[in-house]
Amino acid sequence: MGQIELPLFRVRGMYFSGTGTTEKIVTTVAEGLARAGSRAEDPEAAACSFAKAPDINFTPPAAREQVYRFEPQDIVTFGVPVIAGRVPNVLLPFLNTLEGGGAMAIPVVLYGNRNFDDALIELRDILEAQGFRTVAAAAFIGEHSFSRVLAAGRPDGQDLRIAADFAKAAAAKIEGLAAEAAGQDGGSGQGQPLHEPVEVDGEEPIRPYYRPRDRQGNHINILKVKPKLDAAKCTKCGICVEACPMGSIKPEAPGVVDGICIKCCGCEKKCPEGALYFDDEGYLYHKTELELGYPERKEPNIYL
Ligand SMILES: Cc1cc2nc3c(=O)[nH]c(=O)nc-3n(C[C@H](O)[C@H](O)[C@H](O)COP(=O)(O)O)c2cc1C
Ligand code: SF4
Ligand code: SF4
């Protein structure tokens, strides 16, 4: 009897991550999927097999100048942080250039223990509109960009275990879909089951961006806020230059923010000298309000 060719899927993570929390979860899920789907020890039982491909980190501005094209054999775990309850709006022009090409996608958002509001439903819809087929999704919790106490150290060991279990369950679902597709086309492995986007929490129409308020209930506008430099502490190491996803810290003037700042806090948290800081009153009020208002540990939401 001839050998049956199993459909081979290429598994990778793709993420934007200012302080690294999104990166941690996306890479854990992508690695877990590849492990769960490789199944070399039991090829008889498998409907497909998975191989790991390199992850795509689109945090650096240069990485968002390329067009990324995918194929039906790709499985992309796609992650962004939640900003103001939504997908970061500075990423929208880039996200609109993605060419999903029928690849499977697993949208993932990381939020700082307040709420992910409509970020996951928005990311799912964007990926679907770009030609991906969303098959599973998740919202995880990461240390809040603004804070060192709100969801401090997350994702932690428990989150990573949940991410690994999620990957296993998603791999099993994908295998089921592959088996269904093989059944529909008489075993050639080329068939596509009817696709329904994964159901996630969130509202449609998608709500406006979350806006913080002061004690009197007035909106706090932090759009123009950026970190300041304590020049006496700065060693000009250049770590912040590399960290800034907006390219707003130039190599000629390390530590000096000159351009758009999305308050991702990558520069501030990665600076080994603690030379970067925020002193805007409204920003600091909002940070404290978040720390006091959301002390209870939230747990990841998984959608399969
Ligand atoms: C400008 C800004 C707005 C944010 N808005 C929210 C929010 O609405 N809800 C929330 O829970 N976390 C919010 N966060 C926190 C991040 O979503 C969270 O810390 C995430 O883990 C950061 O991911 P990263 O480490 O990959 O950058 C916000 C962070 C920033 C920088
Ligand atoms: S990371 Fe800190 S010490 Fe290094 S150049 Fe930037 S501000 Fe200076
Ligand atoms: S300057 Fe703003 S956008 Fe750039 S790394 Fe720092 S906080 Fe993030």
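**Figure 1. The two domains of the predicted model.** The C-alpha centres of domain 1 and domain 2 lie 30 Å apart in this predicted model. The domain assignment places domain 1 at residues 8-208 and domain 2 at residues 228-279. Contact between them involves 11 residues of domain 1 and nine residues of domain 2. On the side of domain 1 that touches domain 2, seven residues are nonpolar and four are polar, with no charged residues.

**Figure 2. The overall fold.** Seven helices and 10 strands make up the secondary structure of the protein. Its radius of gyration is 21 Å, close to the 19 Å that the globule rule gives for 304 residues, so the protein is as compact as a globular protein of that length. The C-alpha trace spans about 75 × 40 × 35 Å along its principal axes. Buried residues account for 39% of the 304 residues of the protein. Of the contacts between residues at least 6 apart in sequence, 75% join residues at least 24 apart.

**Figure 3. The largest nonpolar core.** This core has 65 residues, and those with the most contacts inside it are Val29, Leu33, Ile106, Val108, Val109, Leu120 and Ala170. Two or more residues come from each of the strands β1 (8-15), β4 (74-81), β5 and β7 (137-141), and from each of the helices α1, α3 (119-129) and α4. Helix α4 gives the most to this core, with eight residues. Domain 1 (8-208) and domain 2 (228-279) both contribute residues, and the core therefore lies between them.

Figure 4. When its neighbours within four places in sequence are left aside, Val29 is in contact with Gly13, Thr77, Ile106, Val108, Ala163, Phe166 and Ala167. A second, separate core has eight residues, including Ala243, Ile249, Cys267 and Ala275.

**Figure 5. The shell around ligand 1.** There are 25 residues around ligand 1, of which Ser17, Thr22, Pro81, Gly112 and Gly142 come nearest. Helix α1 (21-38) and strand β5 (104-111) each supply at least two residues of this shell. By class, the shell has nine nonpolar, 13 polar and three charged residues. Ligand 1 lies between domain 1 (8-208) and domain 2 (228-279), because both domains give residues to the shell around it.

**Figure 6. The shell around ligand 3.** Among the 17 residues around ligand 3, those that come nearest are Cys244, Cys261, Cys264, Gly266 and Cys267. The shell comprises 12 nonpolar, three polar and two charged residues. Cys267 is also one of the residues of the second, separate nonpolar core.

**Figure 7. The position of Gln158.** Gln158 belongs to helix α4, which covers residues 157-184. This residue counts as exposed because 12 C-beta neighbours lie inside 10 Å, and the limit for an exposed residue is 12 or fewer. Gln158 and Glu299 are 141 residues apart along the chain, and their C-alpha atoms are separated by 9.6 Å.

How values were computed:
Residues are numbered from 1 along each chain as its sequence is written. Chains are lettered from A and ligands numbered from 1 in the order in which they are written. This is a predicted model: local features need pLDDT of at least 70, side-chain atom pairs count only at pLDDT 80 or more; totals for chains, interfaces and linings use all residues. Helices (H or I, at least four residues) and strands (E, at least two) are DSSP runs, numbered from the N terminus. The radius of gyration is taken over C-alpha atoms; the globule rule is 2.2 Å times the number of residues to the power 0.38. A residue is buried if 20 or more other C-beta atoms lie within 10 Å of its own, exposed if 12 or fewer, and partly exposed in between; C-beta atoms are placed from the backbone. Two residues are in contact if their C-beta atoms, placed from the backbone, lie within 7 Å. A residue is near a molecule or strand if its C-beta atom, placed from the backbone, lies within 6 Å of it. Ala, Val, Leu, Ile, Met, Phe, Trp, Tyr, Cys and Pro count as nonpolar, Asp, Glu, Lys and Arg as charged, and the others, Gly among them, as polar. Domain bounds come from an automatic or database domain assignment. A nonpolar core is a set of buried Ala, Val, Leu, Ile, Met, Phe, Trp, Tyr and Cys residues joined through C-beta atoms within 7 Å.
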